[in-house]
Structure formats: C-alpha cells, structure tokens
Amino acid sequence: MFDGELVRLRALRPEDAEHHHRWRNDPEVVRWAAAGDPCFGPVTAEAIGLGFDTMLRLNPRESAVFTVEDLENGRVVGMADYRDLDPYAGVATLGVTIGEAEFWGLGHGSEALRLLVDHLFGAYGLSRLELDTWSGNERAVRAFTRLGFREEGRRRSAVLVEGTRYDRVLFGMLREEWAVAAWR
C-alpha cells in the first residue's frame, strides 16, 4: 500500500471488479480514459471477470493494477497501473483512471500517478517512465506536465472521438527528472 495525502494505492481485490465494470460502461469515463475506444467499453460483467482473473495474477516484475482509494472515506475512486516493465531497458508504461466523476479535477489522479512514479523509480530503479493521452484530454495533459512529464511527441490525428480527430500525445519522465521534481 502507498498512501498520499488524498489517495491510497492498494493491491487489486476481486471485489474491485464491480467498480471496473461500472466505469467501463460509463460513456464519460470511457471518453476521457480511453478517448472513446470501443475496446475499453462498454463491456459485460463476464468479460470483466475474465480480465480480472488475469489482473489478479499479474507478475509485479512486469505489470500491476492498483486500486485508488480516497483516503478520507476509503471509497474506491479509480485505478492506476503499469505495464511493459522492461528491466533491461529500464522502462515502463503507466496509466491512471479516476472513474468516479465527482473526484475529477480534485488531484486524486495526479497524486495516484505521483505515488506510482515514486514506487517504480524507487523500487525498480528504472531509467524512464512513459504514458500517453489524447490532445482533447486537456486535464490529463496539464496533470502530466505538472508532475514533470515532458511531451516527447505526437501521433497526429491518431485518435477519433465523436467524429473529431485528435493527436495522441506521448509523455516521458527520466529518472534524473524525477530525482529533482518539485513535488518530491
């Protein structure tokens, strides 16, 4: 478990599946988290169950999914994950989703991401972390930038959201940037 001031990251539990099912069937969550990607949702409870069986058995040396809880009341508000951890190259890819809309814009996602960054750079000695979003998700772009991630590139017109094309925005953070980050 990793505690911040607003959130706690904890290991995924089987009962968290109900939250994932609800979030992945909420059009607004799907829009912001995955740019409306139909592979993210909607999804059946059975599909979530199958995916959860896999997520509960992930090898943390490669990937992990954490539950994000609000510290004030213990409510499950989202998820954070890392994947494609390559110890040889020293790289991993991150993600964070706050699925409860009333917690959007309050800093829960930023803090969850910061806790995950601290864990990965601290425990695994990685050289870089990376993540991406779509250019229409300005809240995520601001949060990533505030945390010290740098925009490293764009895949122009790579995302289609409700009939409009957006760029896929790629971000990275190097270990030495993390070591001097203002939030540390």
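Trainee: Which elements do the buried residues of H5 pack against?
Mentor: Helices (H or I, at least four residues) and strands (E, at least two) are DSSP runs, numbered from the N terminus. Contact means heavy atoms within 4.5 Å. The buried residues of H5 pack against helix H4 (108-124), E6 and E8. A caution: this is a predicted model, where local features need pLDDT of at least 70, side-chain atom pairs count only at pLDDT 80 or more, and totals for chains, interfaces and linings use all residues. Residues are numbered from 1 along each chain as its sequence is written, and side-chain values use heavy atoms, leaving out hydrogens and water.

Trainee: Which residues of H5 are buried?
Mentor: Buried means under 20% relative accessible area, exposed over 50%, partly exposed in between (1.4 Å probe, protein chains only). In H5 the buried ones are Ala140, Ala143 and Phe144. They lie on the same side of H5 because their arc around the axis is only 95°; the arc is taken over directions from the helix axis to the C-beta atoms.

Trainee: Which exposed residues does the face turned away carry?
Mentor: Glu138 and Arg146.

Trainee: What follows H5?
Mentor: Glycine 148, with a positive phi near 105°.

Trainee: In what order do the eight strands form the sheet?
Mentor: Two strands pair if DSSP finds at least two bridges between them. Here the open sheet runs E1-E2-E3-E4-E5-E6-E8-E7, with mixed pairing. Its edge strands are E1 (2-3) and E7 (150-161), each pairing on one side only.

Trainee: In which sense do E5 and E6 pair?
Mentor: Parallel, over three bridges. Alanine 92 stands opposite leucine 129 in E6.
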